[in-house]
Amino acid sequence: MKKLFLALILCASLSAFEYGSKGGFPALNKDSGLVFLNNAATTQKPREVIDSLVDYYENYNGCLSRGNVVVCKNPMASYENSRIVVADFINASSEEIVFVRGATEGINFIAHSWAHNIEKDDEIVISALEHNANYLPWKNLCEVKGAKLHVIPLKDGHVDIGAYKNMITSKTKLIAISKISNATGTYLPVKEIIAFAKEKDIPVLVDVSQAIPYEKIDVKIMNPDFLVFSGHKMFSPEGIGVVYIKAERREELTPYMYGGGMDINLFEAGTPSAADAYGLQTAIKFYQDNIDYSKLQKHLARLCSRLIDGLEQIEGVTIYGDKEELKSKGHLVSFSAGDKDPFAIGRYLRMLGFVVRVGTHCSDLSRESFGYNDTIRVSFHCYNNAEDVDRLVNLLKRVCNV
Ligand SMILES: Cc1ncc(COP(=O)(O)O)c(C=O)c1O
């Protein structure tokens with residue numbers, strides 16, 4: 001009975017959140033009228049997260065020695081509590097969580113700390129949809145070790161699972177893939193990739209930077225060996241990211257950095273970003289209090305659908321990625337506009353307050369696979385709405401039809 005009552009309260013508070021409303025995100029409520037459509041790069045911050053940084057620096061800062069709780073609150077306890085909150089969020093245990101600055105540092109950390117497991121002629125497998133953060137560290141490691149980097153090709157815009165299976169040999173030592181592409185919004189068949197790797201006892205690293213802001217990630221269900229993400233793409237401050245290391249794999253890693261604090265966490269030498277971890281903890285609470293993933297996904301997919309329908313009315317536009325997939329569960333749309341300069345379009349939009357991303361989106365492999373130079377990427381989060389899309393499409397029609 002008590003559980004039912006709590007569940008009803010939770011449902012009532014979740015349903016109160018208004019998808020598409022910019023209230024509660026101070027950067028979106030200024031006279032400048034910012035229309036922020038670059039959420040795959042970073043998200044705007046809710047008032048609670050901004051306030052948490054002030055709270056941290058007013059009430060926790062400078063008491064790292066743990067004892068001085070009379071003068072201020074205990075920052076180490078807050079930092080370790082952030083670890084517990086993150087662990088609960090992805091259904092891990094707190095010993096499996098290492099704080100880093102972001103996904104890039106997280107992948108470099110694993111590539112460095114796990115490097116001694118790689119020998120000459122060994123093989124590492126990644127996909128053709130990876131961000132450079134999940135490509136260049138492995139490329140570099142392979143070059144240093146004389147190992148081979150294999151890239152799973154695409155078939156009809158998706159990772160070719162047959163080619164992946166054929167690529168795995170007795171020399172394959174690691175598979176590193178993302179869950180959703182940051183360049184085209186394409187989903188990767190992570191479940192199948194991990195299941196096949198497990199049959200061969202090959203560890204898998206999953207970069208969930210583009211997934212965790214939009215869907216529930218549960219490491220017990222997904223079953224990766226390593227998992228990384230950045231906080232700033234999910235409402236947290238910059239400067240904090242997470243590496244999950246499955247307990248059974250921890251012994252395989254050597255420290256990445258050496259210095260003070262290693263007695264507390266072997267992989268976190270130096271002064272930690274405790275304030276940002278506190279911000280991440282607050283961002284997670286914001287998700288738990290407000291965001292229903294299924295409603296969020298529907299909201300974002302509707303925006304993608306509306307945008308794709310609008311773009312298809314503009315001559316010369318090419319949309320990259322699987323349109324049907326984006327319309328059903330996407331959060332971003334990447335496109336080019338014929339011979340129109342995408343950077344000039346980006347600048348025009350920016351002048352009118354619309355922030356989109358133009359370029360290769362730090363994914364050299366996607367650019368090669370899809371054969372584009374630069375694209376315009378529009379990416380949404382909960383505060384975007386149909387009006388943002390309609391206004392953007394009208395501006396694009398104006399600038400593309402001249
Ligand atoms: C899929 C993916 N992986 C890694 C990164 C790198 O994240 P960060 O720059 O926060 O380290 C990004 C950033 O765009 C991303 O989208």
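Mentor: Gly102, Thr104, Asn182, Ser209 and Ser230 come nearest of the 13 residues around the ligand, where near requires a C-beta atom, placed from the backbone, within 6 Å of the molecule. This is a predicted model in which local features need pLDDT of at least 70, side-chain atom pairs count only at pLDDT 80 or more, and totals for chains, interfaces and linings use all residues. Residues are numbered from 1 along each chain as its sequence is written.

Trainee: Why is isoleucine 314 called partly exposed?

Mentor: Isoleucine 314 has 17 C-beta neighbours inside 10 Å. Buried takes 20 or more other C-beta atoms within 10 Å, exposed takes 12 or fewer, and partly exposed is in between, with C-beta atoms placed from the backbone. Isoleucine 314 is therefore partly exposed.

Trainee: What is isoleucine 314 in contact with, leaving aside its neighbours within four places in sequence?

Mentor: Ala337, Leu396, Lys397 and Cys400; contact means C-beta atoms, placed from the backbone, within 7 Å. The C-alpha atoms of isoleucine 314 and alanine 337 are separated by 8.2 Å, at 23 residues apart along the chain.

Trainee: Which residues have the most contacts inside the largest nonpolar core?

Mentor: Ile193, Val243 and Tyr244, in a core of 109 residues. Such a core is a set of buried Ala, Val, Leu, Ile, Met, Phe, Trp, Tyr and Cys residues joined through C-beta atoms within 7 Å.

Trainee: What does valine 243 touch, not counting residues up to four places away in sequence?

Mentor: Val98, Val100, Gly106, Phe109, Ile110, Phe226 and Val228.

Key:
Two residues are in contact if their C-beta atoms, placed from the backbone, lie within 7 Å.
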